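This report examines a protein chain through its helices, its core and its aromatic rings. Please keep the sequence and the model at hand while reading.

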Amino acid sequence: MRHRLIVPGAAVLSLLLAIPASAASFEPGAPGVGDSYYPQSGNGGYDVSHYDLRLKYQPKTDLLEGTATLLATTTQDLSRFNLDFGLKVSEIRVNGKKAAFTTSGKHELEVTPAAPLEKGKQITVVVRYAGKPSEVKIDGYSGWARTPDGGVVAQEPDAAVWWYPSNDHPTDKATYDISVAVPDGTQALSNGVLLSETSKLGWTRYNWRSDKPQSTYLTTLAVGKFDITKDTTANGLPVINAVSKDLGSNAGAAKASIERTAEVVEWEEGIFGPYPFNALGGYVPNVPAGYALETQTRPFYGSKAFDKGANVSVVVHELAHQWYGDSVSLKDWKDIWVHEGFARYSQWLWSEKEGEGTAQELADYVYQQHPADDPFWKVKPGNPGAENQFDIAVYDRGALALQALRNKVGDKVFFGLLKSWPTENKYGNASVADFVKFAEKKSGKKLGEFFDTWLFQAAKPSVGAAKGVTIDTRKAPVAQPKSWKSIAATNHVHEAHGH
């Protein structure tokens, strides 16, 4: 009797011990990566390696239908995980099996697979969905812009949530295949190389491939009617530029600007090293916006950017981001200086190259334009705060810091830094602190105090601070460099992105 009771009891006890021990290790992935400015952006528990997006878009109704396939690897034992997404989902499968799902928060899609997912396993997630992106509001805002003949998505820091499910933070980069069907006579533009274009039953399908790691916010889609030019660089990379057919009087200035893309990239390769991607170009849709965005391989330019005529300086800025911001991306949105300070400084170097004012003359002019009590100096480029992420100080004071660094370490070391940083950190993520350490290593100098003065103090640096900007404010006012107006015209290129 006792013996018969003990054996089943032992078996049950064994099961009770085994099941909780196994189940206890499976937990939900975090609903955000904990970014300093946007803690709910991105998700924890997995890393995406590839997005395959198969889409169909009807411009007349703004209806977007899609099937997104995500290839990912789990980074913990997962009982469930989140995707960032705003459109209505009809079905989700994980590893081929239907998964349960629900929504929460502003843009969280909670996915519970049929069976828990072990850490370190490759998984496939298929999401079927449909909806009108322009009607999706987050904080009262939509990142999808309707145009007279289609729609466009190009925003920062969030963009993907309006048109495909993702792990929406720059620290989780992936490659992309984007296939879009649109009515015949309409084009669909996206990132990378156009692999094919086929028509059937009144619809034309465009297949795009971006084969290098790409942040979600840098992934773009534009549907409409465009004048498109195609070419190749001396190195054989495809160049595709596009301007909306109904851009009106700005069309000439827009074309005159973006058609210099290949020339600008060739020049920037001499400054920053080999171009890191498989294609280049730019596009100007009929979006009444003054901002631009460094969408990978194919920057977006709002039509108002050309209200006052051609502006190659904005093209220089967005293409510089292909190295600083796209290839090497921030770790946290507080590290925005590793994007914007360098892109702005590229405009100063272009001015120097064009004979329209040296970088030092521009630095002197900026320094003198802002007295010590100007709010400009209250913004700290090294960590400006979410409300000041795209403040002009991040750009101009951020570029001032680089000119000061150039003066401190000399041209040889400085330009070596500009080239080695994107080369040695290609396709990765980095912080302001990482750049400081990198600069110290390459220069052999202690630069902590120097960078603290220029990037982290809410005060105007003294004349020649840490052997930086050399202007003497007791002298006569600094003349405005010839390039200043074209550079200042790009002051708002990223202003409209945050929402």
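## Helix α8

Helix α8 (residues 411-424) contains 14 residues and spans 19 Å from its first C-alpha to its last, close to the 20 Å expected at 1.5 Å a residue. The model that provides this value is a predicted one.

Which residues of α8 are buried? They are F414, L417, L418, S420, W421 and P422. An α-helix has 3.6 residues a turn, so residues three or four places apart point the same way. The buried residues of α8 pack against the helices α3, α5, α7 and α9, and also against strand β23 (429-430).

## The nonpolar core

The largest nonpolar core comprises 142 residues, and those touching the most other members are W163, W348, L405 and F451. Helix α7 (residues 392-409) supplies the largest share of this core, namely ten residues. In soluble globular proteins, nonpolar side chains tend to be buried together.

F451 illustrates such packing. Apart from neighbours within four places in sequence, F451 is in contact with W337, L405, F435, V436, A439 and F456.

## Aromatic pairs

A pair of aromatic rings is described by the distance of the centres and the angle of the planes. The structure holds 35 aromatic pairs. One of them joins F272 and W323; this pair is tilted, with 5.5 Å from centre to centre and 50 degrees between the planes. The pair links distant parts of the chain, as F272 belongs to helix α3 (residues 261-272) and W323 to the loop between α4 (312-320) and β22 (329-330), 51 residues apart. F272 counts as buried because its relative accessible area is 3%, under the cut-off of 20%. W323 is likewise buried, at 1% relative accessibility.

Because F342 lies in helix α5 (residues 337-354) and F435 in helix α9 (residues 432-443), the pair ties together parts that are 93 residues apart in sequence. Both F342 and F435 are buried. F435 is also one of the contacts of F451.

## Lysines over aromatic rings

K56 lies over the face of W203, at 4.3 Å from the ring centre. K460 lies over the face of Y367, at 4.3 Å from the ring centre.

## The annotated domain

An unreviewed UniProt entry places the feature "domain: Aminopeptidase N-like N-terminal" at residues 49-218. In the model, this span is 0% helix and 58% strand, and its end C-alpha atoms lie 15 Å apart.

Is T74 buried or exposed? T74, found in strand β3 (residues 63-74), is buried because its relative accessible area is 2%, under the cut-off of 20%. Not counting residues up to four places away in sequence, T74 touches G45, Y46, L117, E118, K119, G120, K121 and I123.

K97 is found in strand β6 (residues 97-98). K97 is exposed, since its relative accessible area is 57%, over the cut-off of 50%. Leaving aside neighbours within four places in sequence, K97 is in contact with I92 and A114. The C-alpha atoms of K97 and T229 are separated by 44 Å, and the two residues are 132 residues apart along the chain.

Definitions and conventions. Residues numbered from 1 in each chain as written. Predicted model: local features only at pLDDT ≥ 70, side-chain atom pairs only at ≥ 80, totals over all residues. Heavy atoms only, no water. Core = buried A, V, L, I, M, F, W, Y, C linked by side-chain atoms within 4.5 Å. Buried < 20%, exposed > 50% of the residue type's maximum accessible area, 1.4 Å probe, protein only. Helix = DSSP H or I, 4+ residues; strand = E, 2+ residues; numbered from the N terminus. Contact = heavy atoms within 4.5 Å. UniProt positions renumbered as here; feature names shortened; annotations may be inferred. Phe/Tyr/Trp six-rings, centres within 6.5 Å; stacked < 30°, edge-to-face > 60°. Lys NZ or Arg CZ within 6 Å of the ring centre and 35° of its normal. Expected span 1.5 Å × (residues − 1).
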